[in-house]
Amino acid sequence: MDTFVVLQQMLILLAMMAIGYYSYRKEWIDRNAYGKLSKIVVNILNPLIIINGVLGRSGGENGEKVFINLLLILLYFIILIAVSFLVVRLLRVKPSQNHLYRMMTVFSNVGFMAIPLVSSVYGEECVFYVSFYILIYNILLYTYGIHLISGGKKEKTDLKKLMNPGVAACLVSVVVFAGNIPAAESVKSFTGYMGNAAIPMSMMLIGASIAQANLKELLGEAKIYAFLAIKLLIIPMTAALVIRNFALPAELMGIFVFMLGMPVGSIVVPLAAEYGADETCCTRGTVLSTLFSIVTIPLVSLFL
């Protein structure tokens with residue numbers, strides 16, 4: 001893989017984040033606008049870019065790739081769940097934060113950050129493969145994730161949260177792909193135009209979220225840096241060194257490795273607040289991992 005291309009794309013995404021950061025500091029975006037724009041991205045733009053990625057693709061032509069992708073997704077979550085137990089032992093995380101570090105290890109930013117990156121590096125058609133990660137991610141988030149964030153308490157699964165526009169878009173894309181359902185050019189144009197807005201909007205909102213954080217407070221915890229080194233570098237680099245020995249499609253290997261190198265998912269923070277967990281710990285992991293990923297993702301690409 002051309003690391004320079006990845007670095008170039010990450011710098012473009014960084015510039016978009018910087019615009020979001022500046023906009024929030026200038027009060028062109030406030031907390032209220034941030035929340036409403038986030039809902040537009042999550043519920044409209046990201047679902048449309050997922051659907052756009054599958055329109056015009058042939059189920060018969062790519063069926064083998066889909067199967068390989070599903071196996072890699074299974075491996076992806078097995079790796080992260082297993083490593084999450086090792087992380088808390090290696091870092092000697094205090095019991096009150098044990099479940100939070102495991103949560104931050106397993107649940108990465110597979111939407112806001114991964115979709116723009118994959119779309120930029122491999123093309124919009126490969127976002128379709130990301131949709132399967134998002135589908136399984138959401139199922140795990142509102143089952144295993146809720147169990148983790150609540151500290152192991154038995155919580156009732158909220159089926160309404162499980163079935164959201166993102167999951168619906170993933171299911172629609174699978175049906176369209178499997179059924180080889182044709183789409184009119186006007187539909188492709190519509191989903192393309194709307195989906196294209198997801199990339200700059202997502203990155204600007206990440207920048208705005210960073211602008212809301214107290215960086216001095218977040219930088220004070222030494223243990224978080226060891227955690228970030230494991231999550232953003234050691235896990236994806238090790239996976240890349242192993243997986244490149246197999247004869248797999250380059251784009252599927254790349255997506256798999258990049259997914260392992262994604263920063264902590266932004267959803268972790270509101271869930272921590274909702275279930276009375278240490279919100280500061282989760283905010284620290286989310287913000288710092290997002291900032292560091294601008295450098296670590298190009299480094300990871302050197303191993304592909």
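Biologist: Which residues do ring pairs link into a cluster?
Modeller: Ring pairs join Phe128, Tyr129, Phe132 and Phe177 into a cluster. Before we go on, please keep in mind that this is a predicted model.

Biologist: Thanks, noted. How many aromatic pairs does the structure hold?
Modeller: There are ten aromatic pairs. One of them is formed by Tyr22 and Trp28, with 5.5 Å from centre to centre and 80° between the planes, an edge-to-face arrangement.

Biologist: And why is the pair of Phe128 and Phe132 called edge-to-face?
Modeller: Their planes stand at 80°, so the pair is edge-to-face, because anything over 60 degrees gets that label. The ring centres of Phe128 and Phe132 are 5.1 Å apart.

Biologist: Where do Phe128 and Phe132 sit along the helix?
Modeller: Both belong to helix α6, which covers residues 127–149. They are four residues apart there, so about one helical turn separates them.

Biologist: Let me compare the two pairs. Is Phe128 buried or exposed?
Modeller: Phe128 is buried, at 0% relative accessible area. Phe132 counts as buried too, with 8%.

Biologist: What about Trp28, buried or exposed?
Modeller: Trp28 counts as exposed, since its relative accessibility is 59% and the cut-off for exposed is over 50%.

Biologist: Now α5. How do the axes of α5 and α6 cross?
Modeller: Helix α5 spans residues 114–122, and its axis comes within 9 Å of the axis of α6, with a crossing of roughly 155°. That makes α5 roughly antiparallel to α6, because angles over 145 degrees fall in that class. The crossing of α5 and α6 is right-handed.

Biologist: Who meets whom there, in α5 and α6?
Modeller: Ile115, Val118 and Ser119 come from α5, and they meet Val127, Val130 and Ile134 of α6. The contact of α5 with α6 has five nonpolar residues, one polar and no charged. Ile134 also takes part in the contact of α6 with α8.

Biologist: New topic: where is the place of His99?
Modeller: His99 sits in helix α4, residues 95–106. With a relative accessibility of 16%, His99 counts as buried. Not counting residues up to four places away in sequence, His99 touches Leu148, Ile149, Gly151 and Ala277.

Biologist: And Leu248, where does that one lie?
Modeller: Leu248 is in the loop between α12 (223–243) and α13 (250–260). Leu248 counts as partly exposed, at 26% relative accessibility. Leaving aside neighbours within four places in sequence, Leu248 is in contact with Ile68, Leu72, Ile243 and Met253.

Biologist: How far is Leu248 from Asn138?
Modeller: Their C-alpha atoms are separated by 26 Å, and the two residues are 110 residues apart along the chain.

Biologist: Last one, on backbone angles. What is phi of Glu27 near?
Modeller: Phi of Glu27 is near 65°, a positive value in a residue other than glycine. Glu27 lies in the loop between α1 (3–25) and α2 (31–52) and is exposed, with a relative accessible area of 68%. Asn180 also has a positive phi, near 50°. Asn180 lies in the loop between α8 and α9 (185–196) and is partly exposed, at 45%.

Methods. Residues numbered from 1 in each chain as written. Predicted model: local features only at pLDDT ≥ 70, side-chain atom pairs only at ≥ 80, totals over all residues. Heavy atoms only, no water. Phe/Tyr/Trp six-rings, centres within 6.5 Å; stacked < 30°, edge-to-face > 60°. Buried < 20%, exposed > 50% of the residue type's maximum accessible area, 1.4 Å probe, protein only. Helix = DSSP H or I, 4+ residues; strand = E, 2+ residues; numbered from the N terminus. Contact = heavy atoms within 4.5 Å. Axes fitted to C-alpha atoms, helices over the stretch in contact; angles between N-to-C directions. Parallel < 35°, antiparallel > 145°, perpendicular 65-115°, else oblique. Left-handed = near helix turned anticlockwise from the far one by under 90°. Nonpolar A, V, L, I, M, F, W, Y, C, P; charged D, E, K, R; others polar.
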